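Please open the structure in the viewer and keep the selection tool at hand.

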Amino acid sequence: MEEEKKTVFEKLNQLQDVLMQKFALEDEIEQLPKNLKIQQEQLALVNKEYTEVLAASQKAQDDLKNLRFEYEDVVTRRESSEKKMETIATQREFEALEKEIKDASASEEELLKQVRAKEQESKELDAQCEAKSAELKAQQEQVDTESAKIESVTSEKQARLADLEAKCRSYIDDKINEELYEKFCTIVKSKHGKGIVPIHGVVCQGCHIVLPIQFVNDVRSGENIEFCPYCSRILYYEEVEGAEEQFTSVEKEDVEDDEQNSEGSGLSEFADEGEFDDIV
């Protein structure tokens, strides 16, 4: 029986090691897409910036077209007014035509300034579009490369994970049944790799809490697999220096407490119920 119990605990310890490899690999697989997600978010940001610059560039080109059209119209009107100067007959007509030419020249000069400014703006926006387009292309290449890399690495890790899962489940037998296996997996994962721990004396080495003496006796007997009532880990008793003295000391104290309680309860045989009511 003792040898059989030892074998079960040895298997659980071995299973624990494999489970930790499995959980670590699952974490790695889970982390892989996070790097890609960051790059995809950056790609979306660059794409948004490119779209905004492209729209601004298109608007600048449209504005430039309109300004050039207005400028050409003003130039045409000025030239037309200048030609009319040859045919005027009165001073009044001369003054009116002179004003038209002067106003047209002022508009022409102002529009020319706007055209030059808009040409410069359009040129700068075109350069920004070109730069953003190159940045977008480079970012897209990074995402594609990372995506292909993740796909390849994930495929490899998934294959390793399947092997570890099969290895873990190979520990299931008549002693470690499906229910115990699932529970142990949950404990190992939640306790960061410590699903089975020893008791030294009367202390759980997982949570370091003193356990009831009778419970420790149950663990020592090995008739059933016991779980720590405080941290839920599977327990087994391990002989270490000084632990037996600690166990014996606590056991003795419990016996003495039981005897005192027994003696105290025995006093009731020598007193009738309500005999000391008047003292109270």
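A residue is called buried under 20% relative accessible area, exposed over 50%, and partly exposed in between. With a relative accessible area of 22%, Asp63 is therefore partly exposed. Please note that the model is a predicted one.

Lys118 has a relative accessible area of 15% and is buried. In total, the structure holds 20 salt bridges.

Remain in helix α1 and select Asp73 and Arg77, which lie 4 residues apart, about one helical turn. Their side chains meet in a salt bridge of 3.5 Å, N to O. Asp73 is partly exposed at 38% relative accessible area, and Arg77 is partly exposed at 43%.

Now select Arg78 and Glu82, also in helix α1 and 4 residues apart. A salt bridge of 3.0 Å, N to O, links their side chains. Arg78 is buried, at 15%, whereas Glu82 is partly exposed, at 37%.

Finally, move to helix α4 (residues 213-221) and select its buried residues, Ile213, Phe215, Val216 and Val219. On which side of α4 do they lie? They are on the same side, because they cover an arc of only 160° around the axis. Just after α4, select Gly222, which has a positive phi of about 70°.

Key: Residues numbered from 1 in each chain as written. Predicted model: local features only at pLDDT ≥ 70, side-chain atom pairs only at ≥ 80, totals over all residues. Heavy atoms only, no water. Buried < 20%, exposed > 50% of the residue type's maximum accessible area, 1.4 Å probe, protein only. Helix = DSSP H or I, 4+ residues; strand = E, 2+ residues; numbered from the N terminus. Arc of directions from axis to C-beta. Salt bridge = Lys/Arg side-chain N within 4 Å of Asp/Glu carboxyl O.
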